[in-house]
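Dear colleague,

I am handing over the structure we spoke about, and I would be grateful if you could look through it alongside my notes. The notes follow directly after it.

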Amino acid sequence: MTEANGAVVKIEELKEEINELKEEIAEKTCAMSENAAVNCEKLKEAIEDKTGEFMETVRPYIEEGKKRTEEAAEQLGETIKEKPLASVGIAFAAGILLAKLFRRR
């Protein structure tokens with residue numbers, strides 16, 4: 001009977017160790033989740049900072065592109081007003097050319 005009592009005691013000790021390990025795993029998992037959340041937040045902030053820096057760098061080029069596009073559109077409008085028949089002819093020829101190119105595909 002003492003062997004049986006010894007086995008029962010050993011089983012109880014193992015159950016207790018398993019419960020302690022479960023608690024330890026739960027604590028470590030929670031700590032890892034908190035670290036991941038902190039790292040995720042830091043990464044998000046870094047991305048936002050770099051995005052802001054990128055936009056500040058690119059903004060002058062975007063503005064220059066807008067300005068040139070507006071100037072080109074204005075110049076094209078003036079050319080069309082000065083030479084309406086030539087403009088219609090060029091547009092017609094370009095349309096025929098594009099139609100032929102797309103039919104082949």
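**What was found**

Being three residues apart in helix H1, Lys 15 and Glu 12 are separated by about one helical turn. Please keep in mind that this is a predicted model, in which local features need pLDDT of at least 70 and side-chain atom pairs count only at pLDDT 80 or more, while totals for chains, interfaces and linings use all residues. Residues are numbered from 1 along each chain as its sequence is written, and side-chain values use heavy atoms, with hydrogens and water left out.

Helix H1 covers residues 2-82, which is 81 residues, and from its first C-alpha to its last it reaches 114 Å, close to the 120 Å expected at 1.5 Å a residue. Helices here are DSSP runs of H or I with at least four residues, numbered from the N terminus, and the expected span is 1.5 Å times one less than the number of residues. At Val 58, shortly before the proline Pro 60, H1 has a kink of about 40 degrees, where the bend at a residue is the angle between axes fitted to the seven residues ending there and the seven starting there.

**Salt bridges**

How many salt bridges does a search of the whole structure find? The search gives three, a salt bridge being a side-chain nitrogen of Lys or Arg within 4 Å of a carboxyl oxygen of Asp or Glu.

Glu 53 is partly exposed, with a relative accessible area of 43%, whereas Lys 50 is exposed, with 54%.

Arg 68 forms a salt bridge with Glu 64, and here the closest N and O atoms are 3.0 Å apart. Both residues belong to helix H1, four residues apart, which is about one turn of the helix. Arg 68 is exposed, with a relative accessible area of 56%, while Glu 64 is partly exposed, with 35%.

**Cysteines**

With a disulfide taken as a pair of cysteine sulfur atoms within 2.5 Å, the count comes to zero disulfides. Cys 30 is in no disulfide, the nearest cysteine sulfur being that of Cys 40, 16 Å away, and Cys 40 is in no disulfide either. Cys 30 counts as partly exposed at 41% relative accessibility, whereas Cys 40 is exposed, with a relative accessible area of 52%.

**Helix H2**

Phe 102 is placed in helix H2, residues 84-104, and is exposed, with a relative accessible area of 59%. Together with Leu 97, Leu 98 and Leu 101, Phe 102 forms a nonpolar patch on the surface, with about 430 Å² of accessible area in total. Patches of this kind are made of residues with over 30% relative accessible area and no salt bridge, where like charges are joined within 9 Å and nonpolar side chains (Val, Leu, Ile, Met, Phe, Trp, Tyr) within 5 Å; accessible areas come from the Shrake-Rupley method with a 1.4 Å probe, and for residues only the protein chains shown count as cover.

Ile 96 also has its place in helix H2 and counts as partly exposed, at 37% relative accessibility.

Notes:
Helix = DSSP H or I, 4+ residues; strand = E, 2+ residues; numbered from the N terminus. Buried < 20%, exposed > 50% of the residue type's maximum accessible area, 1.4 Å probe, protein only.
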